Amino acid sequence: MQHSYPYKYQSSYARMFSFICCALVLSIFYGSCAKDYETIPLGQQQTLELTFDSHDSAGTYALRYLSEVYNDALINGHNRVDKDYLDAASDDALSSSTSLSSVEKIASGAFTSTDLNADDNWTSSYATIRAATVFIVNIDRVPLIEKLPDGRPARPAYKAEARFLRAFTYFGLIKRYGGVPLLGDKIYNLTDNLQLPRNSFKECVDYIVSELQLAEDSLRSQTEINSGSYGRITKEAAMALKAKVLLYSASPLFNGGNIDPNNPLTGYTSYDKQRWQLAADAAKAVIDLHYYSLMPSFTDVFTKQNQPVGTGTENIFWRQVGNNQDVEKTNGPIGYTSAGGNGRTSPSQNLVDAFPMQNGLDITAAGSSYNAADPYEGRDPRLTATVFFNDQPWLNRHIELFAGGTDRPGGTVQQTKTGYYMRKFMGDFSTSNSTVYSNTLHDWVYIRYAGILLDYAEAQNEVSGPSQQVYQVLYDLRQRAGIEPGDDGHYGIAQGMDQDEMRTAIHKERRIEMAFEQQRYWDIRRWKTAESVYSHPVRGMDIQRTGNGQLYYNVQDVFTPHFKAPQMYLYPIPYNEVVKDPAMKQNPGWK
Amino acid sequence: MHKPYLIKRLCHARSLRVIAAILCLLFCCALLHAQQTTNADSRAAINLSGTVTDAYNKPLGGVKILDKQETLLATTGSDGTFTVNVTKGENIYFRLLGYDQFTLKATTTFSGTVRLQQSFLPAAKMAVSEEQSNAPSSQLVEKDQDTSLVVLQEVLNGSAGYPGGKSGSDLQGLYGPIAAYRFLGAAATATQNELSYTPAPQFTYALPGRLAGLNVNQTEGFYIPSLTLPTSVDFFVGNIPTNKSGAGPSDNNQFDIQLRGHNSSLGQSPVVIIDGIQRDIYSLDPSQIASVTILKDALSTILLGQNSSRGALIVQTLEPTSGPPRLSFTAETGWQQSLKMPKPLSAASYAYLLNEALLNDGKNPAYTGADYEAYKNGSDPYGHPDVNWYDAILKNNPMITRYNLNVTGGGGKASYLVDLGYLNQDGMFKGSDAHTYSTLLNLKRYTVNSKIRFAVNKDFDLGLNLIGRIMDNNQPGAGTLNILNNLLSTPNNAYPIYNPNGSFGGTTNYTNNLMAQVLESGYLAEQERDILVNLDMRYKLDRWLPTWWVRLNGNVSVQSASFMDRSKQDPVFQMVVDDKGDTTYNRFGSTVNQNNGFNTTSWARYWYASASTGVDTTFGQNNLGLKLFYDQKQTLLNYDLPTVLTNYAFQGNYNYGKKYFVEGAVNYSGYNRYQKGHQYGLFYAGGLGWDIARENFIKDHASWIGQLKLRGTYGKTGNANVDQYGYYIWNEHFENVNVTYPIGSQYPGPQGVQQGGTLPNVNATWEKAYKLDIGLDMDLFNHHLQGSFDYYHEKYADIMQLRGKSIALIGLDYPAENIGKALYKGWEGSLTYQNGSGNFNYYLTGNASLQYTKVLFMDEQQQAFSWNRHTGLPVNQRFGLIADGFIQTEAEAESYPTITGYTLRVGDVKYKDLNSDGVIDQFDATPLGKTGPIFYYGLSGGLSYKGLELNFLIQGVQNRDIYVNNLIMDGGFQGQNGGYGQAYERIQNRWTPETANTAFYPALSAGGNGYNYNPLFLSSSLFVHNGDYIRLKNIGLAYTLPAVWTHRLKVGSVKVFVNALNLWTWAAFDQVDPEISLPNYPIQKVINTGINIKL
């Protein structure tokens, strides 16, 4: 190699430079090897073992996990189905939406096993069931030292809460689909074969009831509930849910009216009156506790019981929601521009007509004093508490529901389709001078004492006909509602009814007492009356006002529902589940 | 001289029928130049002397001067001077590879400057082998200047540190150039000229139609930055942004870039490599880029290891040129115009048609006759407004302006380049003078690219490269995307722009005024900062080990993006006049005072290092190259754990006499997002080549064949796209939930814990591809005709998919698993013809690709009917119901099969009941649209005559479908804010009893209809249209002022130009733009003018 001197001279600097550069690059290489990060991201370092920590006597993560099971299992029913109440898919109401709403699709039968209806909860239910099972299986590892107020250890209570929530979720499934696969306490993994068959309806009911009975003994009692624990599942809630499950299983759809008579998946294959007896007994057991009572004011039930502590409450099982203005803003009349109101729910004339007069008589009954030219005068006070009708006072003015009125202006704005807005669950702003809403408690009540009374009355009537206890339920409810007892103290209830007449009376009372509480939609199915209910159009009230303020009331048909009997009494199992699992039998009529 | 030559060649070409057929296309051009022969009229010898320069007026050495008989008269020296004696009247020709031939007619004694113009298609594109090349090894540098600089130039040309020796024509390989003659893979390149005349903010705009196999579909017409915040660094796992590509945030939201039909949304778009560094940077000015190359086959991308399936898009920015300083300055400005903006219904038509829709639905009409009249005659502009929002809030011709300054030069030991770029692009929203700040939609970008090359000594070269970029994006405070959505959906009669009292109009349904959103909503100013520093060192170990070399490369780059939220909101008012005539204003919406928020949207650090060493040796006719390679790429994004991709590779290549080629590589590659023990895999690729033109029987009998290379590669590649499917999906975990169920008085609820949303997939691994590519490169007629053809067959396996039996009973989501198999195959070809005569030069180049895809396995469950099956059809085949006309009569409505729960009416779509069970359901779903291959093509050409240049690019797609399912435009009156949304003129083609036979659309319906649109959540063939289109993507005209003028001004050259983007489009379905429709930002037509000065 030949180099001239200057070149060498230069290159010694250059070599030094190159050495530095190499060192620099190598140091970068070294940097890559340095230990500076976790191998698992921080947010994912929590394992099953840590969640159910065998060293944590406070069970911090385990209890947080349980809270999330609550969150999954208990769904807020307010405007639940794609912003509508589920009962807007029954004959009690319509969605005011200008678009094609999910409840309208349900009511018109526009769903299939691939185009599922918006109330379908197959997948989410099994997610909840898994979450609950994980808790039930693992909680015993946690050395909880917490005690219930009565001195018993708290761990069995928490475990029983998860058990309850799982049973409640199964109940949600059997209402919709009939018998479904019961997974027990097994937690499935990727490698497991999940091609399970459905259990029979009977097995499902038995399982749910036995689970609730198992939970009952461990749960805390309503008497032990304090301001730190209200919202937790109680023993009484388990009893009440059991009553409800038994009532459903005793109902015609499953008990005697099985849509596929010899198919154990869709119901019992024969009628058994004993099931009504079980339902009545279970409801009676709750009544006989004497913990619960009807609150004096009907409207307060939904908005005032924000701390149902101890006995003497009406709410038995609810989802905690807290204080907000959601119900008012979503469903309130649209003319209150400062308060905000989107009038989402349009109660039907069918529902309004179901309310009796204040004297307890049906509007069609002789001597009811009902005046079709002034239809809202002298009605059951629950009507006022359930729907907005024309001229009702609200937020410092009177509601205008006549055509062209402030709250029914016409044009393209979302507004009532029936001439009514939903009022139930709202705070009482009828005498308010304010023009805006204030926060109101909006817990979603699943089971309340009034419902248990009605469950009892219904079951008892099936067992032994209209006994005095059955009548008494109706009197109690009507008394609380503010219906005049009348000279005879019968609150307008006809005497000497036979079993069928009493059944009709109970159904009717249930409809108006429990309107919008996710009862009607299921009731017409379990009573197997949906095919006749949906054969009538849903009606609304068109009110025309003349120049001099005279009002003319015209009832109109607003919507024609469709119900394909018998297949629509049960939901289709999602097609994807059926096609993936040969053992999974589809419900009758569905593909 | 050309005519007999060409005809002779044509005769030969007959034996090659394919070539002959193509040549016929070029025949006209050939005739054109063939006729331009000169007539010698005098025998007197005269002296011609002068200097040959380039456009910078810098001397060009090595220029060959030839006479008519192709006799070499002289070659210019390093100072560019020449002296020749020729017969008077004869033409002499100045030739240098990469430059257009210059013809000088010896009429009088000449003494002056001859300025050569760079060819539009530069030498790099010409796959020329070494001996045939008449170019010096380094075009612009004299060999005798300094020994070390020769090394440097070899480095720049990629010969040092790379096997293959010196060559003037290289292809951009993965991490440096590869001599074209031994390249065995499939590649396509677009070079600077092709890119720089695209008046657009990103180089991606210049790619559609240029590179065979690369499909570049535009999806958005303006850069809209992400303003999503990385939620706090807490343990709330659900919000950790997954770094889906493993490459950090991408600045590409305007294009869908697909290679050979691969779905870019599944992490299969090509890996972008900028100056040797993997970085997803697309928004670089086209004029700053020297070339863009796409590598398509297994062998040429195998060094990417676990990303090697994706192919690579190699972006090479401009390189330094040694010599005296060369300065180039370009200023240009353009007018943009949105294409295919929809035409809204006037308020009167809207009212009329909405009433019709409501009546069809059995609902009460919303408008009275008086309303209709008021809309029609405009008598009540406040109560019954009719606002065309497109005219109201959009301006016609927003501007785009670019400046670019480029300086390069160098002395004996070093060369440098500094490139400064500035871009200012306006969006289409109107602005207001009412504020001191700007609410305009606007993009400003400042870039600097500087490169320094040192020849430290004879053996050691060092390159330092620095790219910096600042982008300032401004948009109205309401947000561009939000405004575009509102623009699409707000009816003309929704509200007046302003009330009589000057306040913004609005209603309970429209609590935001569109004009207020554009002018009075403050602004969102987003800033992005990038810096890339790249150090490249190459050392020749010749003095110890002959032909050994070492290369080290390190890169650190940082990117951050943040935005200032200075948005605000004004309330809107509805004017109400009551019975007594009193006017009141109802307020809707709320006042939000101007925010002053600062948010970091992302911060990323990238880190790359590579080390390689190898030997290139020659013994006799044998040429051997061996190379060991290691690299590691680390990306750290926000608070994600870093992604680390590591490769250990060995490459070898051998050729005998540049005739027979063998090459192979193995790569042991690992990615840290897989579970330990599952991180590393072995990938391999190999290739064979045979240059038939080197065989004696060709050399001797068909010397017009310069290259005829058969080549093939096969390899196993990988795609580690696991991040697409979740963050550490192998890790079973529980996670915190911020707000859970409240117990007692704990409102809002406390923190909760839940099991992670998906089951862990501990066995997750990379997707694999087995890629075969067989190609042919040819170079004929002394480089006039060049072509390249490829057939590829890529079998993908272990594609991440949900298993078929993903049964919901398990209670958690199933993870993606390595299940699927798919086949991608097709043909690609490109052909270029270039020639010239006199001072007239031209070229024509075309490329085409035919792409098939097929699902081989997807764990599909039992399908009831053959037409329900997806397996065997193209990947992502659309399924749906076949629309078969409209219900015409009540009788038909009653008897025709329908979807459960829907009552047919006249004017509804009839769907085909394929299984004839009387019901339309999932069993009637069938493949919709085309199932055949898609054909992409591009044709570009250009010509230059003296200083005048013209060039164009036409790009098109055949056998493509377009699924227009824009319910606002096709259906109209969608339920919106508790009312009904906008409708467009298109729906006037709806079914009515009168138009029963000519209707395109079903009878109107308001508020959505689950039957005619989105039936069963499936597609309807009613909305499948022929998606074929042809675009004149680019056309440009430029004129370089004559040298005599510019020399007088003491400048090298002055070029003025005008060019256009998307000037003309033909689409089979002409209702929307074939690529973009609202609410995406529309595609822009740009007409651009500019000037370039070189010193």
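In the predicted model, strand 1 (residues 45–53) of chain B pairs with strand 4 of chain B in the antiparallel sense over 7 bridges; strands are DSSP runs of E with at least two residues, helices are DSSP runs of H or I with at least four residues, and both are numbered from the N terminus. Two strands are taken as paired if DSSP finds at least two bridges between them. Within this pairing, B:Ala45 has B:Thr87 of strand 4 of chain B as its bridge partner. Both strands belong to an open sheet of 3 strands in chain B, with the order 4-1-7 and mixed pairing. Strand 4 (81–87) and strand 7 (110–115) of chain B are the edge strands, each pairing on one side only. From one strand to the next, the twist averages 30°, with axes fitted as lines to C-alpha atoms and angles between N-to-C directions running from 0 to 180 degrees. Strands of a sheet pair through backbone hydrogen bonds, either parallel or antiparallel.

A further antiparallel pairing in chain B joins strand 5 (residues 91–95) and strand 6 (residues 102–105) over 4 bridges. B:Ile92 stands opposite B:Leu104 of strand 6 of chain B. Strands 5 and 6 of chain B form a hairpin with 6 residues between them, and B:Gly98 in the turn has a positive phi of about 95°.

Between the chains, 87 residues of chain A are in contact (heavy atoms within 4.5 Å) with 90 residues of chain B. The two chains bury about 7,600 Å² between them, 61% of it on carbon and sulfur atoms; buried area is the accessible area (1.4 Å probe) lost when the two parts are put together, summed over both. The interface has 20 residue pairs in polar contact, both residues at pLDDT 80 or more. A polar contact is a pair of N or O atoms within 3.5 Å; within protein, one must be able to donate a hydrogen and the other to accept it, and residues adjacent in sequence count only if both atoms are side-chain atoms. On the side of chain A that touches chain B, helix 1 of chain A gives the largest share, 14 residues. The count of salt bridges between the chains is 2, a salt bridge being a side-chain nitrogen of Lys or Arg within 4 Å of a carboxyl oxygen of Asp or Glu. In one salt bridge, the side chains of B:Asp921 and A:Lys591 meet at 2.6 Å, N to O.

Residues are numbered from 1 along each chain as its sequence is written, and chains are lettered from A and ligands numbered from 1 in the order in which they are written. For this predicted model, local features need pLDDT of at least 70, side-chain atom pairs count only at pLDDT 80 or more, and totals for chains, interfaces and linings use all residues, while side-chain values use heavy atoms, with hydrogens and water left out.
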